[in-house]
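Here is a short report on a predicted model. The sequence and structure come next.

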Amino acid sequence: MATERTFAMVKPDGVVRGLIGTIVSRIEAKGYRIVAMKRMRIPRELAERHYGEHQGKPFFEPLVAFITSGPVVAMVLEGENAIAGWRAMMGATNPADAAVGTIRGDFATTIDENVAHGSDAPATARREIEIFFGEDGPLD
Ligand code: CMP
């Protein structure tokens, strides 16, 4: 098992509902290092790039509208097996399928507003970290 970096985000619904602290706390309790973090409003162009793989799907426009509707908290997490590990902590994309004890299982009810995001593979993690942090990326 290797040390990995992954991209994580508290989505606008999580910020509005005051879940930043709870989510950050779970990440730290798990043992991942938060090596970069910023609260930001996502510009539309960045949202379209981030969700490029979903372009053309029926939920693309609502998804971009939602993710740009309010501030998010973007993070880079580091740790053993962090990519799959953070996905496991979030639970299934559709909260209806997410186990109790996971972030979506505990805090979300609909697939459109599912509180958190995480990269699904090493190449995605590299791409998403670059999109959100670019040259301001993790320094240590
Ligand atoms: P996430 O995996 O973070 O990024 C894509 C998002 O699209 C996903 O979370 C869901 O919030 C949203 N979404 C809305 N409808 C669907 C769908 N039918 N399938 C997958 N993702 C969906």
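The model is predicted. Four strands, in the order β2-β3-β1-β4, form an open sheet with antiparallel pairing. The edges are taken by β2 and β4, each with a single partner strand, so one side of each has no neighbour in the sheet. On average, neighbouring strands are turned by 20° against each other, direction ignored.

Take the pair β2 and β3. These two strands are joined in the antiparallel sense over 7 bridges. Isoleucine 34 stands opposite leucine 77 of β3.

## A helix across the strands

Helix α2 covers residues 20-30. It lies across β1, β2 and β3. Relative to β2, α2 runs at about 165°.

## Helix α7

Helix α7 spans residues 122-133, 12 residues in total. From first C-alpha to last, α7 reaches 16 Å, close to the 16 Å expected at 1.5 Å a residue. Glycine 134 follows α7, and its phi is positive, near 40°.

Which residues of α7 are buried? They are Thr124, Ala125, Glu128, Ile129, Ile131, Phe132 and Phe133. These residues lie on the same side of α7 because they cover an arc of only 160° around the axis. Arg126 and Glu130, on the other side of α7, are exposed.

## What α7 packs against

The buried residues of α7 pack against strands β1 (3-10), β2 (33-40), β3 (72-80) and β4 (116-118). They also pack against helices α3 (44-50) and α5 (82-90).

Terms used
Residues numbered from 1 in each chain as written. Predicted model: local features only at pLDDT ≥ 70, side-chain atom pairs only at ≥ 80, totals over all residues. Heavy atoms only, no water. Expected span 1.5 Å × (residues − 1). Buried < 20%, exposed > 50% of the residue type's maximum accessible area, 1.4 Å probe, protein only. Arc of directions from axis to C-beta. Contact = heavy atoms within 4.5 Å. Pairing = 2+ DSSP bridges. Axes fitted to C-alpha atoms, helices over the stretch in contact; angles between N-to-C directions.
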